[in-house]
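Q: I would like to learn how to read helix packing, sheets and chain contacts in a model. Could you take me through one, feature by feature?

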Amino acid sequence: MGKVFIPIGPQHPALKEPASFRILLEGEKVIEANVRLGYNHRGVEKACEERTYLQDMYLLERVCGICSHSHSTCFIQAVEEIAGIQIPPRANYIRTIIAELERIHSHLLWLGVAGHEVGFDSLFMYVWRDREVVMDLLAKISGNRVNYGMNTIGGVRRDISPDLYPEILKAMDVLEERTKYYIQVATEEMSFIKRLSGVGRLTKEDVETLCVVGPTGRASAVARDVRRDDPYAAYADLSFKVITDDHCDVYGRAVVRVLELMECYSMIRQLVKNMPDGPVVVKAPRKVPAGEAVSRYEAPRGEDVHYVRANGTEKPERVKVRAPTLANLQAMKKMLENYYLADVPIVVAAIDPCFSCTDRTIEVNRMDKGTSQLLSWDALRSYSIDWYAKRGVRPQDIRL
Amino acid sequence: MAYVYALIHILVFPGLLFLVAFGLFAEWVDRKMYARFQNRMGPPWFQPLADILKLFGKESIVPEEVEPRMFRLLPMFALAATLTAFIYIPVWGTKALFSFNGDVIVVLYLLTIPTLTFFLAGWYSLCPFSLLGATRTLTQLFAYEVPLFVSILSSAFLADTWSLSEIATFYSKHPGYWLFNLIGFFIGVFSLLGKLEKAPFDIPEAETEIVAGSFTEYSGNLFALFRLAISVETIVGASLLAAVFLPFGLTLGPVPGFIFYLAKVLFVVVLLSLSHAIFARIRIDQMVSLCWKCVAPLGFVQLVLNMIIKGTLLS
């Protein structure tokens, strides 16, 4: 049987966001997989340099729809560390509640998408129906189903009033019961298990070498979770388990995510019970003093790293976002090769890819010379000016 | 006069119009049940008809490098084969429109032709997704074909004839004997799922893997004909299973017999819709190993069982 090149992406029904997986197939077996990114690059990091810290927080929130609170909190924590602000404990608790609610909605979304990728549309419909419970709750608390806008420099913008507490607890009860049903489906439904087992294997050594983060890594028994290793927000006060699994394949990732859902419910119950009183925000300076900080956050997909450098003005000098999917993508090649084509969608979905979070750099591949080069900002700028100059367009002549 | 009757039989009832209408109705039943199983509302009763009419109104794009004649003819072959298979299946009584000794084989052969046209459609489309869908269709054919043949032929074996009408006559004469073929019935439903490419065996049309498989490049009226062929194939396949495995109530006269027939076909359609909703799609290698390791041996068990029954009860 000859070798066929199948393009999975950039446009493909299996992908929720554009990325290019160029698969070389022999029959049904994947011989080679090449991963290419960059289809969702929007110049967010450059845009951050042109806006104030508060505007940047709203901008970074819209990097991704599903992990929006992760990016905004991670950024704001870095800024608060540079400015030396201590936010009130109630604000920390509210941030953590929203963070765990976001994790619930993201994991439920993932479970539905995993069902859809293996053709199990009934699971997809049921899980997304139950996800509406947490979406409605988030809308009640923050006013929006995604991109909550809860954070501000120095705390949170909105308080959670005490009459919302019973609703939060009731929602947790409903979701916990439904999640128990999904645990039963994941452990007993043969066709589902057969599609997910033995697929996309990553051993413990692979996880360590390829720097895989989040539930993808925890499914290979690597117990790395930023909430426990480097507690931020209110996580130091909470007692929770770091869920790991030793299946090392897509099935393990599903099990880790579903069990993490149960941990989220218990964490939110603890947070609501022990919520401290007090203000929710402290006054923050407009101009952040010079300094730099790295902030880490456990987004639903893994470790999210933000680096912020301030120079004393009201706009940051440099913001760098390292999304978890960028770390997990390095392992994609290993996970796709020597498996079947039918496994490609579910393996891609198993790292819970969020290419909107990921695309930050551009790699230029010269097809004629067969080499590739990495361009820095200045090189890219002069490349584009030269490109236009060759076609007779000079930037100085453009009248806006 | 006989020609007029023949024309009415072929074009209206139980021919083209009846099969198309019943096929669209069965498609609606399937989609509505699938939706209700998933806690959704589901489409209104005229949705499948509206889909077909809409597709007929769209432009049919034939890719430039494809051979246009085969590309255009293949859907018509699929529809024609399924429509032709129906004239040998007994509907409201024990006698079909035409029958001769060996028409079981002819019906099974005519039901294999649509699968071949799906393969050729994917092959002629010259697109990598279609090619993959086409190879998967044939691989799936190799998996489910043997159990299907063995189960249907074991029921025919018990009746000692290769003619569908005579099978129906035999089982009507010996009431309750169709219960011996229950294993065969379930193997038949299983194989029908594979033939119609419904979950868990919708591997050749896996939307999340190969876009639309063999039908990726088809649009407009050609695609409508393929979809119509699949709807009619559902009815013909279910009617075949009803005639071979559920041959009771055939001697009550034309009208009660017809109502029984409708009930039996809808029962098979409900079973297909149920398995569509509760299973995930399995991989092609898993399907081939499942069929050859579990289902084909079950079919042979049924055949041996029928041999023993024939040897003891009927001699």
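This is a predicted model: local features need pLDDT of at least 70, side-chain atom pairs count only at pLDDT 80 or more; totals for chains, interfaces and linings use all residues.

Q: Let's begin with sheets. What is the order of the strands in the sheet that contains E1 of chain A, and is the pairing parallel or antiparallel?

A: Strands of a sheet pair through backbone hydrogen bonds, either parallel or antiparallel. In chain A, three strands make an open sheet in the order E1-E2-E3, with antiparallel pairing. E1 and strand E3 (29–36) of chain A are the edge strands: each has a single partner strand, so one side of each has no neighbour in the sheet. On average, neighbouring strands here are turned by 20° against each other, direction ignored.

Q: How many bridges join E2 and E3 of chain A?

A: Strand E2 (residues 20–26) of chain A pairs with E3(A) over seven bridges, in the antiparallel sense. To see one position, look at A:Leu24, whose bridge partner in E3(A) is A:Glu32.

Q: Now helices. At what angle do H4 and H5 of chain A pack?

A: For a helix pair, read the angle and the distance between the axes, then the handedness, then the residues that meet. H4(A) and H5(A) pack at about 160°, and their axes are 8 Å apart. That angle makes H4(A) roughly antiparallel to H5(A), since angles over 145 degrees count as such. The crossing of H4(A) and H5(A) is left-handed. From H4(A), the contact includes A:Ile98, A:Leu101, A:Ile104, A:His105 and A:Leu108; among the residues of H5(A) in the contact are A:Phe124, A:Val127, A:Trp128, A:Arg131 and A:Val134. By class, the residues of this contact of H4(A) with H5(A) are 14 nonpolar, five polar and three charged.

Q: Are H4 and H10 of chain B roughly parallel or antiparallel?

A: The axes of helix H4 (residues 68–85) and helix H10 (residues 220–245) of chain B come within 9 Å and cross at roughly 20°. That makes H4(B) roughly parallel to H10(B). Their crossing is left-handed. Among the residues that meet are B:Arg72, B:Pro75, B:Met76 and B:Leu79 in H4(B), with B:Leu222, B:Leu225, B:Phe226 and B:Glu233 in H10(B). This contact of H4(B) with H10(B) has 13 nonpolar, one polar and two charged residues.

Q: And how does H5 of chain B pack with H10 of chain B?

A: Helix H5 (residues 103–124) of chain B and H10(B) pack at about 155°, with axes 11 Å apart. They are therefore roughly antiparallel to each other, and their crossing is left-handed. H5(B) brings B:Val107, B:Leu111 and B:Pro114 to the contact, while H10(B) brings B:Ala229, B:Glu233, B:Val236, B:Gly237 and B:Leu240. The contact of H5(B) with H10(B) has six nonpolar, one polar and one charged residues.

Q: Last, how many residues does each chain give to the contact between chain A and chain B?

A: The size of an interface is often given as the accessible area lost when the parts come together. Here we can count residues instead: the contact takes 25 residues from chain A and 25 residues from chain B. On the chain A side, strand E1 (3–8), helix H4 (89–117), helix H5 (121–142), helix H7 (190–196) and helix H14 (344–350) each supply at least two residues. H5(A) gives the most, with five residues. That side of chain A divides into 15 nonpolar, four polar and six charged residues.

Technical notes: Residues are numbered from 1 along each chain as its sequence is written. Chains are lettered from A and ligands numbered from 1 in the order in which they are written. Axes are lines fitted to C-alpha atoms, for helices over the stretch in contact, and angles run from 0 to 180 degrees between N-to-C directions. Helices (H or I, at least four residues) and strands (E, at least two) are DSSP runs, numbered from the N terminus. Angles under 35 degrees count as roughly parallel, over 145 as roughly antiparallel, 65 to 115 as roughly perpendicular and the rest as oblique. A crossing is left-handed if the near helix is turned anticlockwise from the far one by less than a right angle, and right-handed if clockwise. Two residues are in contact if their C-beta atoms, placed from the backbone, lie within 7 Å. Ala, Val, Leu, Ile, Met, Phe, Trp, Tyr, Cys and Pro count as nonpolar, Asp, Glu, Lys and Arg as charged, and the others, Gly among them, as polar. Two strands pair if DSSP finds at least two bridges between them.
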